[in-house]
Amino acid sequence: MHPSKNRWLVIPLASLFVATALPHFAIAAEPALAIDAESTDDQFFEQQVAPLLVMHCLECHQEKTPSGGLSLATQNGLLRGGDSGASIDEDDPKDSSLLARIHDGEMPPIKQGRSQKLDDDVIATFEAWLLRGAPWPENRRLELYERTSAVRAGRNWWSLTKITRPSLPADYANNDSSAPAINAIDAFIGAKLRSENMKSAPRAEKALLLRRAYYDVIGLPPNDQQVAAFLADDSPDAWEKVVDDLLQTPQYGQRWARHWLDVVRFAETSGYERDQEKAFAWKYRDWVIQSLNEDKPYDRFVLEQLAGDELPERNEQTVIATGMLRLGTWNDEPNDPEDYVYDRLEDLVHVTSTAFLGMTVKCARCHDHKFDPIYQEDYYRMAGAFWAGPIAARDREWLGGPNESELGIANVLGWTDITNQPSPLRLLKNGERDQAQQEVAPGTLSMITDLSRDFAPVDSNVKTTQRRLRLAEWIIDPANPLTARVIVNRLWLHYFGQGLVRTPNNFGFTGEQPTHPELLDWLATELMDNSWRLKPLHKLMLMSETYCQSTLNSEAEQYNLVDAGNRFWWRAERRRLDAEALRDTLLFASGELDQQLGGPSFRETVSPEALEGLSQKSAAWTASPESEQHRRSIYMFTKRGLLSPMMTAFDLCDVTQPCGQRDITTVAPQALVMLNNPFIHQRGLHLAEQILSEHGEWKDRIEALWLRVYARSPRADEVQLAVRYLQTQLPVFAQSDFAQSDVEGQAAQPEALCFASLCVGLFNSNEFFYVD
Amino acid sequence: MTSKKYYPCGQSRREFVWQMGGGFAGVALASLLAQDGFRSQQASGDDSSEKSPEAAINPTSPKSPHFAPRAKACIFLMMNGAPSQVDTFDYKPELEKYSGKSLPEDKKFINSGGRQMGYLTPAWRPFRPGGESGLLVSDYFPEVRKHADKLCVLNSCHTDSHAHGSALVAMNTGKTLIGRPSLGSWCVYGLGSENESLPGYVVMLDKRGGPIGGQPNWSSGFMPATYSGTLFRPSGDPILDLRGPAHITRDMQRTQLDLIAQLNQRHLAERQIFNQAGGQDLASRINSYELAFRMQSSAPDAVDLSQESQETLEMYGVGKDPTDEYGRNCLIARRLIERGVRYIQLYSGGGHLEETWDAHESIEKNHGRHSAEVDQPIAALLADLEQRGMLDETLVIWGGEFGRMPFSEGQGAPGRNHNPYGFSMWLAGAGVRGGMNYGATDEFGFEAVQDKVHLHDLHATILHMMGLDHELLTYFHQGRDESLTDVGGRVIEAILG
């Protein structure tokens, strides 16, 4: 060793000698310790320097492949220096190149054209450290993700910490046991509101509340008799009966399956040039509906989708569940088939980690995750679970999946490994195949402390690698802090309009933090304590006063000033119908909705204009018979190259990547659809003809219309409005030229067409479009 | 109580503007702003904290660029199917010498589709110098050649796929995988639109069909659908659902709209009892109906070519075979630019194979046919934009999703196979240096070797000309600041005038 280096070492060694007498370093992480000139070198390092090194330097200057050859993870690395020489100058610490580069803003380097120069006080700390002789506690090894900093999450990030069941807020916990039990949701929400001096809104009007619950649970409105019955029911358990009944209907599964299908990028074609149909994808959709309706425990729901083919009790249904892994886009003609294997891996890692864990693991494909504690190696560990699957280019007829004999079951869309002894998977530097690095053993992510494990190899007589099974077991391990939190947040989102975590697919550093962390954890433990059954949680949410409150709060003016985003839940969120609820309700109101469960999807009629976007034009699209087109929207065939124009207008999500929450836009083209699209006019005409044939008097007809569309009687002024409308329009319609009309039922009378235009008017109203 | 001047929805002017429904591509509600993409950022170079509520609420209201733009609008002339560079804009005299020989063995490539490999073949039509610059353009584009001094030909383009489906989507979205926002979406996201009653991003397809892959080519990907391209037809009703059933006249619809407005007013009033902002979403929707009603006349007006002079129509080749279709589209593109539309893509070629520029069978037959359809219209567009003083602010881009091989598809087979390794595109307008070639392919015209232009570089340059920094124009999605050029892209400074 260079003699001067020896001299340099004298100072830190002296201080380390003192440090060894100190208790464990963990105490140094306690922020309570005051830092002053008398703090020991070790304390100084732990409290002042280590956080800075981890935050600003370690992303590049880590141990394995240190940038510029300089590792700042260990004292050795620091002393060794980098390719351009020593990083510290022991004779004149202030002259160290490390300091010089920090000073002139060279380090940390410019990012996206912006200087990352450190603040003066940060530089001063580095200076002070060097002046002390750059002390470094013995054997201390810094690690990129050891702690959360201002720029990235460490393994102590909130969502990665163990879930413990929080106690109920104090003033609720000592609630008199003779009083009615308080819903735990209200306890947590109420406590926070009171601490902010806020009050929740009063309970919503019964009719509005009923409509809200119907849409939330089954995606359809109540009819007028259901509203009337609920209004007339004064029994204390009237609401509970509604909730129980709704959760027992098969429509519950139809509604909630749609939310799940968004999360797993459901579509029924491959995308790209040929956009081949993936036959039997609909069986997966039906499996989701069925699983929800029978309240399959969520851990089982996860397990079957990831490894239904690997279960000892495997059957046709569990194999159909693995269709989830088949739903992604698939290009039969990628530029380089060998590169494309890694794109397919990314899709599988991405959908799995997003849907179940709410983490953006895919970001670690090319480098360590910039924001979350996921090493690049972690990405490949997890990807190893899918490495034995049919991801390489094979017979195009198989559309990127296993063939029938590999799967062992005919006429299903499923997944399985095609070997139990796959070649080793290598980490790719920068994600590039020609830069293959070390072999990576398949296993779980390391971000959850104490839960990480390798996937053990299987015996040669086992058909698959069972890696997906191991991955699923890790995901549904009750000690995994993400799984339960992520799914209860999804439930909350669809009942309350926003999640407790407002980025449902991102529980990492760049996502939002929970507005009510204790409530989130309480719900998560409640789910697991209920054997992962979801329906009790649905009921708990529906039964809460927080859910039942009005969208209007008399203190809104003031509350908006402090919490315009309604993060404290001081009112219910008014919501616009989504594309499916809108289309289903139109068919419901016109009396045409076909509520048949399950089976192959129907193809809607698409106007020739909209078909122009297809390279094969009309040849690629044949609409189903009209009689099948009145089914609920979840049964609508989803073609990636031709998404339904009407559904897309109302914010149907992109179907290539997982979507946790749809956009809600209000744009003029939506008004054009509602005013002009033939589908709307056909529903209006159908409703008009029914009402006209059933009622002879205009007054009764108007009454009937309001009942059908709004499930309530019209008020006097509304009757007047409708009468005036009809008086104005009837003579005009009588003179109109129908020869060109393209609405079905050419024989329709002017009277019916005029009344239909009134129906369409109501379909266009905000009362129809929004749920209070 | 203070006296306020009240506007249509019973609100003050400020509140009214804030709650305005509309913008063709519309208004995102506060809930949208709270989501991923809008959570902590705005697309433009403005300091978002200083944004007015108006700008913050309407995602397509005009936004400030990052720096002074060279172009306010962009027209992408998409030669779907991939024209051959050595037959159009990349003159390779050496091919005469090597004619009939094979491409040297050390040139590595993927033989797309496993087709027959033939022999090096010189250009099927001669090249001639054009303009004062003497820029070489082949006889497939004699009219465009007259504008040679406006053209900046990029001879060194290369892309990431040899297959139409993924290469088209790459040319449009930057990646070969579907699901990402297209170039036009990025432009509208970054700059907004100047006209609220027309879409900011318009796509006009070839009547023979859409591009391979369809919708993902003009999708907004993970951004709100607000930013996606709108398919526009060149006559009658240019967009979907612009007209209802024939028996409902405009007056009858007006009566219907008044009914809807009255139903909505009462509904709104009941929901504003405690605070005006309580009905913001509802008011937005009410306003969107008035805009929709106006669009029913403004959109057809944009494609009403009867307003154009006979001279103009003739210049574009409207009413004549085979230029009518593309001529109309080019002329409509100019009319849309005049109306403030930001990004327009005009497809030449649609469907598959010979219906597009995909000249596997015969360069002469295929390119002869397609160039005859577009040469005059494109020249007319350049001339028209120039004479109206619009060319300085409009960027025109010409090119396909890749190029073609310098060799044939077999002995005596006059077609050429796909080539992503080297191809030509050109830019014009918006202060681009004209009359120049940038970059070069090897002596065979096979692969880009000098000043290579990857499609990310092209995209970075296009955004730059629109006043957007490709590294700063990001959209937060799934934990990552996504951008059009991802980690790549470099602005080609040398071609900026």
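Which residues of strand 2 of chain B lie on one side and which on the other, and are they buried or exposed? B:Ala73, B:Ile75, B:Leu77 and B:Met79 lie on one side, B:Cys74, B:Phe76 and B:Met78 lie on the other, and all are buried. A residue counts as buried if 20 or more other C-beta atoms lie within 10 Å of its own, as exposed if 12 or fewer do, and as partly exposed in between, with C-beta atoms placed from the backbone. In a regular strand the side chains alternate between the two faces of the sheet.

The model is predicted; local features need pLDDT of at least 70, side-chain atom pairs count only at pLDDT 80 or more, and totals for chains, interfaces and linings use all residues. Residues are numbered from 1 along each chain as its sequence is written, and chains are lettered from A and ligands numbered from 1 in the order in which they are written. Here pLDDT is the predictor's confidence in each residue, from 0 to 100. Chain A averages a pLDDT of 90, and 92% of its residues score at least 70. Residues 1-35 of chain A stay under 50. For this stretch the model has 37 contacts beyond four places in sequence. A contact means that the C-beta atoms of two residues, placed from the backbone, lie within 7 Å.

Chain B has 13 helices and 18 strands. Helices (H or I, at least four residues) and strands (E, at least two) are DSSP runs, numbered from the N terminus. Of the 497 residues of chain B, 62% count as buried. Among contacts in chain B with a separation of 6 or more, 74% come from residues 24 or more positions apart.

Strand 2 of chain B spans residues 73-79, and seven of its seven residues are buried. Strand 2 pairs with strand 9 (residues 394-399) of chain B in the parallel sense, over six bridges. Strand 8 (residues 343-348) of chain B also runs parallel to strand 2, and six bridges join them. Pairing requires that DSSP finds at least two bridges between two strands. B:Leu77 has a bridge partner in each neighbour: B:Trp398 in strand 9 and B:Leu346 in strand 8.

Helix 13 (residues 455-465) of chain B is also covered. Because 11 of its 11 residues are buried, helix 13 is largely enclosed by the rest of the structure. Among these buried residues are B:His456, B:Asp457, B:His459 and B:His464. B:Gly467 follows the helix, with a positive phi near 90°.

The two chains meet in a contact that takes 83 residues from chain A and 83 residues from chain B. Several elements of chain A give two or more residues to this contact, including helix 23 (556-563), helix 30 (716-735) and helix 31 (750-763). Helix 27 of chain A gives the most, with seven residues. The side of chain A that touches chain B divides into 26 nonpolar, 42 polar and 15 charged residues. In this count Ala, Val, Leu, Ile, Met, Phe, Trp, Tyr, Cys and Pro are nonpolar, Asp, Glu, Lys and Arg are charged, and the others, Gly among them, are polar.

One helix pair spans the two chains. The axes of helix 30 of chain A and helix 8 (residues 250-271) of chain B come within 11 Å and cross at roughly 175°. Axes are lines fitted to C-alpha atoms, for helices over the stretch in contact, and angles run from 0 to 180 degrees between N-to-C directions. The two helices are therefore roughly antiparallel to each other. Angles over 145 degrees count as roughly antiparallel, under 35 as roughly parallel, 65 to 115 as roughly perpendicular and the rest as oblique.

Some backbone features remain. Most residues other than glycine have a negative phi, and most peptide bonds are trans. A cis peptide bond joins A:Met107 and A:Pro108, with omega about -10°. A:Pro108 lies in the loop between helix 4 (97-103) and helix 5 (120-131) of chain A. In chain B, a cis peptide bond joins B:Asp321 and B:Pro322, with omega about -5°. A:Asn139 has a positive phi of about 60° and counts as exposed, with 8 C-beta neighbours inside 10 Å. A:Asn566 has a positive phi near 55° but counts as buried, with 22 C-beta neighbours inside 10 Å.
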